[in-house]
Amino acid sequence: MGNAKSKKYMVVVVAVIAFFVVAVFYVNAQINEGQKQLENMKVTDLLGQVEDVQDVNVAFYHPTFENFDQEKKSRLHMATAFFHEQLKNKDLHMVTSPPEDYAFFDVDFSREKPHIKIYSDGRVYISPTASQIGVGPAWWYWIIKGPVGFVTEPDENIADLVNQWPRAWKNIKEPGQVDGDAPIDNEYIYGFFQKNKDNKDERSHLLGLFQYLDWREFEWENHPEKSDEILSWLYHVEVENQEDLTSILMMVYTGGLDGAYAQSYADVLAVQFMKSPINVVKALAEKIDAREPMEVAKVDEICDNIIYGCQYYEMDEQTLAMKSLREYANNQESTETERQVVEKIIKSWEKRNFVNN
C-alpha cells in the first residue's frame with residue numbers, strides 16, 4: 001500500500017517537474033522569439049504610416065491641436081512630416097533605457113502614443129506603448145526582461161530640424177517648467193514675462209524659458225514690439241548667479257536669431273561679459289563639459305557675438321577685459337576647458353580689432 005502511494009507521489013512530482021521544465025523552455029523560446037521581433041521593429045511599427053502631410057497629427061498628436069490656428073497647424077504639419085520622413089527608414093537599436101544625454105525635445109504625448117526623446121545630434125529615442133507590444137512573444141520578453149526602447153543613429157537633418165524649429169512641437173517642455181499642460185510657446189513666455197519681469201523670485205525661471213523663444217513668431221504675428229521689450233529688459237537685467245548667466249548663453253538656440261535680433265543678443269552678451277568676463281568663461285566651459293556638450297559651432301557663435309557686442313565699449317575697457325582673461329588662464333585655478341574658451345574669445349577679439357601677438 002505504502003509502495004503504491006510512493007509511486008503515485010513520484011509520478012506527481014515528476015509531472016510537476018516536467019511541467020516546469022516545459023514551461024521554462026516555452027517561456028525561454030517566447031523570450032528569444034520576442035527579442036527577435038523587437039529587434040526587427042521598424043519606425044513605422046512604432047509611429048505608424050504617414051501617407052499625407054495632413055495625417056501627421058495621427059502620428060504626432062497634440063492634445064490642443066484643434067485649437068491651433070491654420071498657420072500653426074500648417075507649420076506643425078510641415079515640421080513633423082519632415083521629421084517622420086527622415087526617421088521612417090532609420091535602423092533602430094534596442095536599449096533598456098534612453099541615452100542619459102540632455103534631450104533637446106522630450107515628448108510624451110499620451111499613454112496611447114510612444115514616448116519620444118530627440119537629441120541635439122539628431123538621435124531619436126522611442127519608447128513603445130504596451131499596446132504596440134501586443135500579447136505575443138514580444139510581450140513575454142517585455143514582462144520577463146523589462147520594458148525596452150529604441151534609439152537611432154545621429155542624423156544631421158533631424159539635428160538641423162531640432163535647431164531650426166524649437167517651437168515646432170508646441171507641447172514640448174522640461175519637467176517643472178510649466179504648470180499643467182500649458183505649452184511653452186512665445187505666447188506663454190511673453191505672458192510669463194509680463195507677469196514676472198519685476199519678480200526676482202521668478203527671475204531664474206523666466207530666464208530659463210527664453211531659450212525656447214522664436215523671434216520669427218513675433219514678426220509673423222505682427223508684434224515686433226514684444227521682442228523689443230524682452231531684449232531691452234535682458235540688456236538691463238541684473239544677473240546674480242551662474243544659472244541665470246547660463247540661461248542667457250543658451251539663448252543662442254532661440255529660433256530666428258539673425259539680423260537685428262542677433263545684434264541685440266550680441267549687445268546683451270557683451271553687457272554680461274564686460275561685467276564679469278571670468279564668469280562668462282566659467283559658464284561656457286561648464287556647458288562644454290556637460291554630459292550633452294554644447295556644439296563647437298554654438299560656442300564659437302557666442303564668443304563672436306560677445307566680441308561683436310563689445311565694439312561699442314571703449315578700447316581701454318575691452319583691453320582690460322582681455323587682460324583679466326589672460327591672467328585667469330595663467331592661473332592654476334582655471335581648467336583646461338576654461339583656457340580653451342579664453343583662447344577662443346581672445347582670438348575673436350584680436351581678429352575683429354586687428355591685434356597681433
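Mentor: Start with pLDDT, which is the predictor's confidence in each residue, from 0 to 100. This is a predicted model. The chain averages a pLDDT of 76, and 72% of the residues score at least 70.

Trainee: Which elements have the lowest and the highest mean pLDDT?

Mentor: Helix H3 (residues 56–59) has the lowest, at 40, and helix H16 (residues 315–329) has the highest, at 95. Residues 50–67 have a pLDDT below 50, although the model gives this stretch 33 contacts beyond near neighbours in sequence. Residues 166–182 also stay under 50, with 54 contacts beyond four places in sequence. Where pLDDT is low, the predicted coordinates should not be read in detail.

Trainee: Why is strand E3 called largely enclosed?

Mentor: Buried means under 20% relative accessible area. In E3 (residues 115–119), 4 of the 5 residues are buried, so the rest of the structure largely encloses this strand.

Trainee: What makes E3 and E4 a pair of strands?

Mentor: The rule asks for at least two bridges between them. E3 and strand E4 (residues 124–127) are joined by 4 bridges and run antiparallel, so they count as paired. Histidine 115 stands opposite serine 127 in E4. The hairpin has 4 residues between the strands, and glycine 122 takes a positive phi near 95° there.

Trainee: How many bridges join E4 to E5, and in which sense do the strands pair?

Mentor: E4 and strand E5 (residues 149–151) pair in the antiparallel sense over 2 bridges. The rule asks for at least two, so this pair qualifies. Tyrosine 125 stands opposite valine 151 in E5.

Trainee: Which way do the residues of E4 point?

Mentor: Val124 and Ile126 point one way, Tyr125 and Ser127 the other way, and all are buried. In a regular strand the side chains alternate between the two faces of the sheet.

Trainee: What makes a group of residues a nonpolar core?

Mentor: The members are buried residues of the listed nonpolar kinds, joined through side-chain atoms within 4.5 Å. The largest core here has 53 residues, of which Phe210, Trp215, Ile230, Leu234, Phe273, Ile302 and Ile345 touch the most other members. Helix H13 (residues 259–275) gives the most to this core, with 7 residues. Apart from it lies another core of 18 residues, among them Phe83, Val124, Ile126 and Ile158.

Trainee: Which residues are in contact with phenylalanine 273, leaving aside neighbours within four places in sequence?

Mentor: They are Val280, Ile306, Cys310, Ala321, Met322, Leu325 and Ile345. Cysteine 310 is itself buried, because its relative accessibility of 1% is under 20%. Cysteine 303 also has a relative accessible area of 1%, so it is buried.

Trainee: How many disulfides does the rule give?

Mentor: The count is 0 disulfides. A disulfide would need a pair of cysteine sulfur atoms within 2.5 Å.

Trainee: Why is the pair of tryptophan 215 and phenylalanine 218 called tilted?

Mentor: Their centres are 6.3 Å apart, within the 6.5 Å limit, so the rings pair.

Trainee: What makes the pair of tryptophan 215 and tyrosine 261 stacked?

Mentor: With 5.4 Å centre to centre the rings pair, and 15° between the planes is under 30, so the pair is stacked. This pair links distant parts of the chain, tryptophan 215 being in helix H10 and tyrosine 261 in helix H13, 46 residues apart. Tryptophan 215 and tyrosine 261 are buried. The count for the chain comes to 7 aromatic pairs, and Tyr190, Phe193, Phe210 and Trp233 form one aromatic cluster.

Trainee: Is asparagine 353 buried, partly exposed or exposed?

Mentor: Its relative accessibility is 23%, between the limits of 20% and 50%, so asparagine 353 counts as partly exposed. Asparagine 353 is in helix H17 (residues 336–353) and is in contact with Met315 and Gln318, leaving aside neighbours within four places in sequence.

Trainee: Why is glutamate 156 called exposed?

Mentor: Exposed means over 50%, and glutamate 156 has 65% relative accessibility, so the label applies. Glutamate 156 is found in helix H7 (residues 156–164).

How values were computed:
Residues are numbered from 1 along each chain as its sequence is written. This is a predicted model: local features need pLDDT of at least 70, side-chain atom pairs count only at pLDDT 80 or more; totals for chains, interfaces and linings use all residues. Side-chain values use heavy atoms; hydrogens and water are left out. Buried means under 20% relative accessible area, exposed over 50%, partly exposed in between (1.4 Å probe, protein chains only). Contact means heavy atoms within 4.5 Å. Rings of Phe, Tyr and Trp (its six-membered ring) pair if their centres lie within 6.5 Å; planes under 30 degrees apart count as stacked, over 60 as edge-to-face and the rest as tilted.
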